[in-house]
Structure formats: C-alpha cells, structure tokens
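Work through the exercises below with the model open. Try each task before reading its solution.

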Amino acid sequence: MNKKMLELGNNRSIIRELFEFSKIQKEKYGADKVYDFTLGNPSVPPHKAIDETIIELLNTKAPSYNHGYTSAPGDNEVRKAIADDLNKRFGTNYKFTNFYMTCGAAASLCITLKALTESNTDEILAMAPYFTEYKVFVEAAGATFGIVPANETFGINFAELDKMINKNTKAIIVNSPNNPSGVVYSEDELKKFAELLLKKEKEFNHSVYLICDEPYREIVYDGLKVPHIPSIYHNTVICYSYSKCLSLPGDRIGYILVPDQVDDSKDLYAACLGAGRALGYVCAPSLYQKVIERCATLTSDMNEYKKNRDLLYNGLKKVGFECVYPQGAFYLFVKSPEADANKFMEKAKKYNIVIVPSDGFGVKGYVRLAYCVSSKVIIDSMPAFEKLYNEYK
Ligand code: PLP
C-alpha cells in the first residue's frame, strides 16, 4: 500500500469535514437554519446555452462524435474555438496546438507539475493564501512544495519571493482571482513580478515558469479585467477550468495553454502529453469538449455573485468584522476576532454558521466564506453573525 496515498485518503480536507458537519446540522435543525459557507460549488446555474447545446448535440450528432475518444490533447476544432476566443480577447496569436484539453484545473495542474519537475530537489512555490490542494498536487508530482508567506494585503509578496526563489525553483503557482482571499493581482504588480522573475532567471541561468491557475478568471467585479499574464511574462503556462465560470464543476473540463514564447515550449507541451498519459488523463470528456467549442465565449451570470459579494461584505462590515474586499472569485476572507481561527470557527458553529479557518490556506487568523450560496442564506445569517460578534465584545 502507498502510505502517502493511504494517509491522503483517510484524512478528509477540513473543508469537506465542515461540509459534512453542516449536512448533519441541516438534518437536525432544518436546511434554512444552517448557514453553510464551506464549499466553492457554483450556485449560479450554467448559461442556458449549455443545456441547449447538449440537447442539440445529442439530437444531431452521431454517438461516436459526442462520446467517442478525441485525439489525446483534445479535439482540434474545440481547441481552435478556445484559441480564437482568447486571441480576440487578449490580442494574442494562439493556435490550437498550444492547448491541451483536461478534466478541469486539478488535472491541468497535476499534468503541468508532472511535466515540469523530475525529483524532490525541484521546488514549486505557491503564494499564501493558496488553494489547499496545491501541496497535494506538487508532492504527488514528486517535487517539493514551498510556501511564500502572505503580505498584509494578500498581494504579491516581492520581498519574500526575492528571498525564496532559488536555484531549485522550477515554477511558481499564481492564482488570481484568488481562492481564498478574493484578491486580483493588478497589471502593475504583475509587471514588477515579471521583472523579478527575469532577474532570477538570469541569476540562476535557467527558466522559472509561472503556472497561472485561473478558474476564476471571468469572476471579477466593479468592471475589473484580469490581466493576461502570458502577455506580461514570457514563461507563463495557463491552467484553466470551466468549473467556476461556466458552472460546470462536475463535468470536469478545462485546458492547459502552453504559449509558443515559453522556453522549450515544444518540449514542455510534449511533456504535458507524456504526463497526461502517465497520469491516465488522456482525452477530456468528449461531449463537454464539443459543448465548449460552441460556448467558449460565454459565462454564467456573474450578477448573482456580485450581489452576494456586496450583501456579505457590507453586512459583515456593518456587524463589525474586518474583511478583505473581494475583487473577484466568490470567497470572502474575514479576520478572526481571536488569534486562533479554529477557535473562531468552533464558536461560529454554535450559531450554525459554518466557515473554514485559514490555516489550511497557509495563513493564520482568518476564515474563508464561500458566498456561492443563495442570497437568502446571506441575509438570514446576519443576526447569527451579530450574536457571534457580540461574543467578542
Ligand atoms: N484551483 C483553484 C484555485 C480552485 O479553487 C479549484 C477548485 O475549487 C481548483 C483549482 C480545482 O478546480 P477544478 O474543479 O476545475 O479541478
């Protein structure tokens, strides 16, 4: 038995643990009496064109087209549609051969990490706060995971990065809009980051890649646009997913983009093909590839998330909590009124508020609230939050 895998399988993530707890509470007290902010499961339904496209495909295309194997990196027409969409939006010149279709961001990351690293002397850095599974993915690839401590604003921590990037650093994972903080890195920050990385590449005389994990790219508020990082830093690989922006998390569809400008781009793309083979990820779900071909330009209705963002942020600020203003994604990062966020999480449970302490995200003293819930949950939860806050007065 693989001990590491056994341990992973037996230890559920705290998010799953809390989600299960809230299910039990809902059975006990009634679903409307429990305020579950644990899971990042999109609450907005997919664009209606998704289901219409599926029905049309099933009615008009042969089963072998809808359900058969595509070529290993994905159907050419599908990848072409994605390239066309990005080229239009970002003024790029991608071809279908730059894309590898995957089963969502998790697969995109696992494949890219496997392709880029060879042994545990190879290091992958992630900036805190970070998506908890990064550590699992990096270690499964056989590499070493390093955490760049967060700065006060949860932006890019240049001082720490400067200290931490070393001769073994193969890549840095960037996640903007960020889960769990909701922060979106600005173009100026990213340009400064690119300068630092170029300096490090020169210093160590090897490539330092950025792996941009972007499942929330289209979930931004206040007219913000997420900068296209490959246009800012040459060695950028994108790991994308339609789980969040098209509300298709259960359908497992996404891609890896390896632009031509990336160092050794042909070899890196080929290594992704190899890693896809080795990990058994060849051929992303065929029907959903065809759906993406026809719906690549669409997103779910982001107004719902914006409404929830405003309700939760303004509501909790009014109660007295200190919160990070979310510019994107659907998470609110709230400062715990006591140093130990686990204790705060436990106190919140008394009021049937279920929230995730930040320790697993590489930061102490915060909790994450996923506001991909119905607005009613947020409105109804406010008196409970008030009672919780009063415990600290
Ligand atoms: N990366 C981040 C930052 C996420 O929040 C998630 C899912 O919540 C993933 C990756 C995994 O996404 P997928 O469901 O597409 O595998």
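Domain bounds here come from an automatic or database domain assignment. The model is predicted: local features need pLDDT of at least 70, side-chain atom pairs count only at pLDDT 80 or more, and totals for chains, interfaces and linings use all residues. Residues are numbered from 1 along each chain as its sequence is written, and side-chain values use heavy atoms, with hydrogens and water left out.

**Exercise 1. Describe the domain interface.**

Step 1: take the bounds. Domain 1 covers 3-46 + 301-390, and domain 2 covers 49-295.

Step 2: Domain 1 gives 29 residues to the contact and domain 2 gives 31 (contact means heavy atoms within 4.5 Å).

Step 3: get the area. Buried area is the accessible area (1.4 Å probe) that two parts lose on being put together, summed over both. For domain 1 and domain 2 this is about 2500 Å², with 64% of it on carbon and sulfur atoms. On the domain 1 side, Met 302, Gln 327 and Phe 361 lose the most area to domain 2, together 24% of what that side buries.

Step 4: count charged pairs. A salt bridge needs a side-chain nitrogen of Lys or Arg within 4 Å of a carboxyl oxygen of Asp or Glu. Two span the interface of domain 1 and domain 2.

**Exercise 2. Find salt bridges in the whole structure.**

Step 1: run the search. It returns 26 salt bridges.

Step 2: inspect pairs. Arg 309 pairs with Asp 222, with the closest N and O atoms 2.9 Å apart. Glu 139 pairs with Lys 4, at 3.1 Å between the closest N and O atoms.

Step 3: Glu 139 sits in helix α7 (residues 133-140) and Lys 4 in helix α1 (residues 3-10), so the pair ties together parts that are 135 residues apart in sequence. Helices are DSSP runs (H or I, at least four residues), numbered from the N terminus.

Note on methods
Helix = DSSP H or I, 4+ residues; strand = E, 2+ residues; numbered from the N terminus.
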